[in-house]
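Please look over the sequence and the model below. The paragraphs after it go through a few places in turn.

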Amino acid sequence: MAINDVLAGALASLNDRDVDATRQRLDEIVAALGDLLVDVDRLLFGGSVAKHTYVDGLSDTDALVVVNEGDATPEDLVARFERALQSRLPLGDVREITAGRLAVTVHYLDGSEIQLLPAVERNGRTSIASEDGGSWRQIRPHKFAEKLTEVNAANSGAVIPTIKLAKAVLANLPEDQRLSGYHVEAIAVDAFRAYQGRRDRASMLQHLIAHAEKAVMSPTGDITGQSVHVDDYLGASGSEARRAVSLAIRRIGRILDSGDASDYGRLLNG
């Protein structure tokens with residue numbers, strides 16, 4: 001079987017993965033928050049659900065929870081989120097609920113997570129907690145999705161399918177070296193910003209993985225303003241963690257470059 005046939009089959013399988021469970025979980029979260037302590041206005045998806053790059057089990061799901069609590073501090077809202085979810089969220093498939101300075105994360109038994117960032121509307125702009133959690137700062141939650149849409153359109157709609165395939169391939173990285181979904185998406189936007197190569201699935205996947213090998217060596221900025229970099233978890237430029245991830249991606253790239261359809265199948269099937 002030709003490589004592009006393998007990739008087409010894998011993509012069909014990825015697209016068929018059920019996202020209803022994630023949407024149901026988000027509905028349960030909104031109900032829990034709304035029933036106790038927090039007046040929820042709406043959710044703004046910041047993760048893969050919004051960008052159509054969601055792959056069940058391989059993607060980030062996060063949401064800005066815009067609330068009608070203009071006078072509340074970020075610390076207060078995070079604490080209230082945690083109390084509401086601990087008290088009211090159905091716990092059948094929930095492993096734990098944890099709170100940080102900026103957000104509350106629901107960890108599920110299947111290994112997936114949903115991160116919830118309290119947000120408020122101020123002067124027509126969305127604001128989330130500052131890095132220290134002590135004040136509000138303005139962000140542009142739709143900015144990255146707009147840029148991804150632009151790059152995808154410039155490449156005949158082939159970038160988003162390539163991101164899905166890359167997420168599946170990069171899931172073969174050791175657990176402590178895996179890239180976040182948002183990081184993969186940001187690398188893809190950079191990789192295909194001025195792409196002039198072939199637009200078949202194999203060529204684009206190989207290009208993205210080769211670009212990722214180099215891109216992970218330096219921090220990638222976050223144009224939404226939600227953080228300084230999308231990949232702070234890898235440390236400073238040229239860090240040991242970045243070198244290890246780059247080397248691991250290089251090994252995957254060599255397998256893809258081999259042109260063996262059976263190797264592609266093994267990577268895509270984990």
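**A helix, its partner and a strand**

Pro161 lies in helix α6, and the model in which it is found is a predicted one. With a relative accessibility of 23%, Pro161 counts as partly exposed, because that class begins where buried, under 20%, ends. Apart from neighbours within four places in sequence, Pro161 is in contact with Leu11 and Asn152.

Helix α6 covers residues 159–170 and packs against helix α8, residues 201–215. The angle between the two is about 60°, and their axes are 9 Å apart. Angles of 65 to 115 degrees would count as roughly perpendicular and those under 35 as roughly parallel, so α6 and α8 are oblique to each other. Their crossing is right-handed. On the α6 side, the contact is made by Val159, Thr162, Ile163, Leu165, Ala166, Val169 and Leu170. Helix α8 contributes Arg201, Met204, Leu205, Leu208 and Ile209. Of the residues in this contact between α6 and α8, ten are nonpolar, one is polar and one is charged.

Thr105 sits in strand β4, which spans residues 104–108. Is Thr105 buried or exposed? Its relative accessible area is 10%, so Thr105 is buried, the cut-off being under 20%. Not counting residues up to four places away in sequence, Thr105 touches Glu96, Ile97 and Thr98, and also Glu113, Ile114 and Gln115.

Key: Residues numbered from 1 in each chain as written. Predicted model: local features only at pLDDT ≥ 70, side-chain atom pairs only at ≥ 80, totals over all residues. Heavy atoms only, no water. Axes fitted to C-alpha atoms, helices over the stretch in contact; angles between N-to-C directions. Helix = DSSP H or I, 4+ residues; strand = E, 2+ residues; numbered from the N terminus. Parallel < 35°, antiparallel > 145°, perpendicular 65-115°, else oblique. Left-handed = near helix turned anticlockwise from the far one by under 90°. Contact = heavy atoms within 4.5 Å. Nonpolar A, V, L, I, M, F, W, Y, C, P; charged D, E, K, R; others polar. Buried < 20%, exposed > 50% of the residue type's maximum accessible area, 1.4 Å probe, protein only.
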